[in-house]
Amino acid sequence: EVELEVKASQIKELERAKEHEEQTRAELLQQLYDLQSRFESVQQHEQMSRQQLESANQARKALDERLKTTTQTLLARIEAFEALKDKFAESETTRRKLRKIARTQREKLETSH
């Protein structure tokens, strides 16, 4: 009878150990699922970040292209303006020379009469 009680006690102890092991296993499985979920979330975030970075790089390249084109256009306009300014300066010089010649001619005509 004592032997039966000892065996029953041992069985109960083994059952408690088994329950504890099952509980621990369930907790570990839950932790594993949580870690997998977090890992997948991190991967998704990383993918979204990569896509945002790629999009930002494309936008920057497009802006660089626009800046380059705008700069070239402005440089061409500046060159055209400088050429126009030079022509104006030349025509102003020519106008002064012609006025001087006309004045000289008038003076010659006045002094010859």
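Is R95 buried, partly exposed or exposed, and what is its relative accessible area? In this predicted model, R95 has a relative accessible area of 37% and is therefore partly exposed, whereas E92, with a relative accessible area of 19%, is buried, the cut-off for a buried residue being under 20%. The side chains of these residues, E92 and R95, meet in a salt bridge with an N to O distance of 2.4 Å. Because they are three residues apart in helix α1, E92 and R95 are separated by about one helical turn.

R16 is joined to E13 by a salt bridge of 2.8 Å, N to O, and both residues lie in helix α1, three residues apart, which corresponds to about one turn of the helix. R16 counts as partly exposed at 48% relative accessibility, as does E13 at 46%. In the salt bridge between D64 and R60, the closest N and O atoms are 3.1 Å apart, and these residues, both in helix α1, are four residues apart, again about one turn. D64 is partly exposed at 40% relative accessibility, and R60 is partly exposed at 42%.

E15, E19, E21 and E22 gather in a patch of negative charge; E15 is found in helix α1, which spans residues 2–112, and is partly exposed at 46% relative accessibility. L29, L32 and Y33 form a nonpolar surface patch, with about 270 Å² of accessible area together.

Terms used
Residues numbered from 1 in each chain as written. Predicted model: local features only at pLDDT ≥ 70, side-chain atom pairs only at ≥ 80, totals over all residues. Heavy atoms only, no water. Patch = residues over 30% accessible without salt bridge, like charges linked within 9 Å, V, L, I, M, F, W, Y side chains within 5 Å. Areas by Shrake-Rupley, 256 points an atom, 1.4 Å probe, with all protein chains shown as cover. Salt bridge = Lys/Arg side-chain N within 4 Å of Asp/Glu carboxyl O. Lys, Arg positive; Asp, Glu negative; His and termini not counted. Charge placed at Lys NZ, Arg CZ, Asp CG, Glu CD. Helix = DSSP H or I, 4+ residues; strand = E, 2+ residues; numbered from the N terminus. Buried < 20%, exposed > 50% of the residue type's maximum accessible area, 1.4 Å probe, protein only.
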